[in-house]
Amino acid sequence: MAIEVPRLETDRLILRGHELADFEDSAAMWADPEVVARISGVPSTAAESWSRLLRYIGHWQALGYGYWALESKVDGAFVGEAGLADYHRDSRPSVHGKPEAGWALKTSAQGQGLATEAVTAVMAWADDVLAKEFAVACAIFDPTHAASVRVAEKVGFGNPVKGTFGDQEALFLERALGR
């Protein structure tokens, strides 16, 4: 049975489920060295972006939560992605059993408060829906990614812990759900 992704709206954004038609925009964003500089550090190939898009769609079907495509209300343009996932990360500390918040915006959409706007909507949805199943959500960052850490802190993430993700140093934050 297909699950319909909830449509969320903010002042400037529509958060909607990904569609196969989002592939080119998403792939272009993930291939941008500036976008991935403090995420993976390596631009994604088209095949990696295709797998990511299918993973986004599959999260909703398998888990009942996932990522949204971010669309500008002004012109309908794709501006990024934000949501919650369970990636079964190889990390210390473990994030197993905690939805992991994440977001990425096209370079042209950065620095305008859109990430904070999107993540605020995502976490409000999580407070209403996921708090029944999960006590906290987490987020993992490159410790030098100050802009994303600020976004996380603005929407209530805290309790910083340094650890590792794979073989890289990482900053882990948590946020109670249902507040």
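**Close-up views of a predicted model**

**View 1. A nonpolar surface patch.** L20, W50 and L54 make up a nonpolar patch on the surface, and their accessible area together is about 280 Å². Patch members have over 30% relative accessible area and no salt bridge, with nonpolar side chains joined within 5 Å; a salt bridge puts a Lys or Arg side-chain nitrogen within 4 Å of an Asp or Glu carboxyl oxygen. Areas are Shrake-Rupley values with a 1.4 Å probe. L20 sits in the loop between β2 (13-16) and α1 (23-31). The model is predicted: local features need pLDDT of at least 70, side-chain atom pairs need 80 or more, and totals for linings use all residues. Numbering starts from 1 along each chain, and side-chain values use heavy atoms, without hydrogens and water.

**View 2. The largest pocket.** The largest pocket holds about 1200 Å³ of space. A pocket is an open set of points on a 1 Å grid with protein on both sides within 12 Å along at least five of seven lines; lining residues have an atom within 4 Å of a point. The lining counts 48 residues, with R38, I39, W103, H145 and S148 nearest the centre. β6 gives the largest share, 6 residues. By class, the lining has 22 nonpolar, 13 polar and 13 charged residues.

**View 3. The cavity.** The whole structure has 1 cavity of 30 Å³ or more. In a cavity, a 1.4 Å probe fits but cannot get out.

Methods:
Points joined across faces, edges and corners; volume = space filled by probe spheres on them. Helix = DSSP H or I, 4+ residues; strand = E, 2+ residues; numbered from the N terminus. Nonpolar A, V, L, I, M, F, W, Y, C, P; charged D, E, K, R; others polar. Patch = residues over 30% accessible without salt bridge, like charges linked within 9 Å, V, L, I, M, F, W, Y side chains within 5 Å.
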